[in-house]
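Please look through the sequence and the 3D view below before reading on. The briefing that follows takes the pockets, the sheet and the salt bridges in turn.

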Amino acid sequence: GLEGSKGESVNPLDRLKTEFEPQGMEIVAISGVTGQGLDKLLYRVYEKVKELKDENIVYEQEYFPEEHIAEELPYTVSYDEKEKMYLIEGPRIEKMLGYTNLESEKGFLFFQKFIREIGALDKLKELGVREGDTVKIYGFQFEYLEN
């Protein structure tokens with residue numbers, strides 16, 4: 001064992017308890033070899049989890065992909081005569097689609113906002129888009145609605 005200042009052996013567990021328990025940390029001894037103490041540890045974890053409030057913690061969004069999608073990446077807005085639909089495409093759109101789940105309402109609204117902010121909706125209007133027209137963005141087709 002380790003030697004204390006007076007020559008007596010110091011239990012490592014006691015040293016941990018002396019150091020960390022005053023800081024409000026609980027020390028539970030377990031053995032990885034025999035599994036001894038695991039039941040006590042699990043019970044203490046269970047007790048601590050029960051003390052937690054049931055409210056969900058909602059973290060603020062920290063990463064905004066639209067800020068990192070280089071503005072110099074091109075995109076085009078065009079009308080396809082043959083298909084009778086408007087197309088929005090290009091690396092900038094494709095990259096944003098990679099960050100967005102269009103099947104969730106939140107993702108769809110996020111993408112819609114992105115399309116508006118980069119000026120693609122203005123370009124659609126310049127091309128003469130009307131309510132009910134189809135707008136295709138890669139594999140996705142949308143009905144254009146005035147709002």
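**Briefing on the predicted model**

Helix α5 gives the largest share of the lining of the second largest pocket, namely 4 residues. The structure shown here is a predicted model, and helix α5, which covers residues 105-117, comes back under several of the topics below.

**The second largest pocket**

- The space in the second largest pocket amounts to about 190 Å³, and among the residues that line this pocket are Gln61, Phe64, Tyr99, Lys106, Phe110 and Lys113.
- When the lining residues of the second largest pocket are sorted by class, 3 are nonpolar, 5 are polar and 3 are charged.

**The largest pocket**

- The largest pocket has a volume of about 380 Å³, and of the 18 residues in its lining, those closest to the centre are Gln112, Leu121, Glu143, Tyr144 and Leu145.
- Two or more residues of this lining come from each of the elements α5, α6 (120-126), β5 and β6, and the largest share, 5 residues, is given by α5.
- By class, the lining of the largest pocket holds 11 nonpolar, 2 polar and 5 charged residues.
- Gln112, which belongs to helix α5, has a relative accessibility of 30% and therefore counts as partly exposed.
- Between the C-alpha atoms of Gln112 and Lys40, which lie 72 residues apart along the chain, the separation is 52 Å.

**The sheet**

- An open sheet is formed by 4 strands, which follow one another in the order β3-β4-β5-β6 and have mixed pairing.
- Because β3 (76-80) and β6 (140-143) stand at the edges and have a single partner strand each, one side of each of them is left without a neighbour in the sheet.
- On average, and with direction ignored, neighbouring strands of this sheet are turned by 25° against each other.
- Strand β5, made of residues 134-137, runs antiparallel to β6 and is joined to it by 4 bridges; Ile137 has Phe140, in β6, as its bridge partner.

**The salt bridges**

- Side chains of opposite charge can pair when their charged atoms come close.
- The structure holds 5 salt bridges, and one of them joins Arg44 to Glu26, with the closest N and O atoms 2.7 Å apart.
- Arg44 lies in helix α2 (residues 38-51) while Glu26 lies in the loop between α1 (12-20) and α2, so this pair ties together parts that are 18 residues apart in sequence.
- Both partners count as partly exposed, Arg44 because its relative accessibility is 22% and Glu26 because its relative accessibility is 40%.
- Another salt bridge is formed where the side chains of Lys50 and Glu47 meet, at 3.7 Å from N to O; these two residues are separated by about one helical turn, because they are 3 residues apart in helix α2.
- Lys50 counts as exposed at 51% relative accessibility, whereas Glu47, at 18%, counts as buried because the cut-off for buried is under 20%.
- In helix α5, Lys113 and Glu117 are 4 residues apart and therefore separated by about one helical turn, and their side chains meet in a salt bridge at 3.8 Å, N to O.
- Lys113, which is also one of the residues lining the second largest pocket, counts as partly exposed at 39% relative accessibility, whereas Glu117 is exposed, with a relative accessible area of 54%.

Terms used
Residues numbered from 1 in each chain as written. Predicted model: local features only at pLDDT ≥ 70, side-chain atom pairs only at ≥ 80, totals over all residues. Heavy atoms only, no water. Pairing = 2+ DSSP bridges. Axes fitted to C-alpha atoms, helices over the stretch in contact; angles between N-to-C directions. 1 Å grid on protein atoms, 1.4 Å probe; cavity = no way out; pocket = protein on both sides within 12 Å on 5 of 7 lines; lining within 4 Å. Points joined across faces, edges and corners; volume = space filled by probe spheres on them. Nonpolar A, V, L, I, M, F, W, Y, C, P; charged D, E, K, R; others polar. Buried < 20%, exposed > 50% of the residue type's maximum accessible area, 1.4 Å probe, protein only. Salt bridge = Lys/Arg side-chain N within 4 Å of Asp/Glu carboxyl O.
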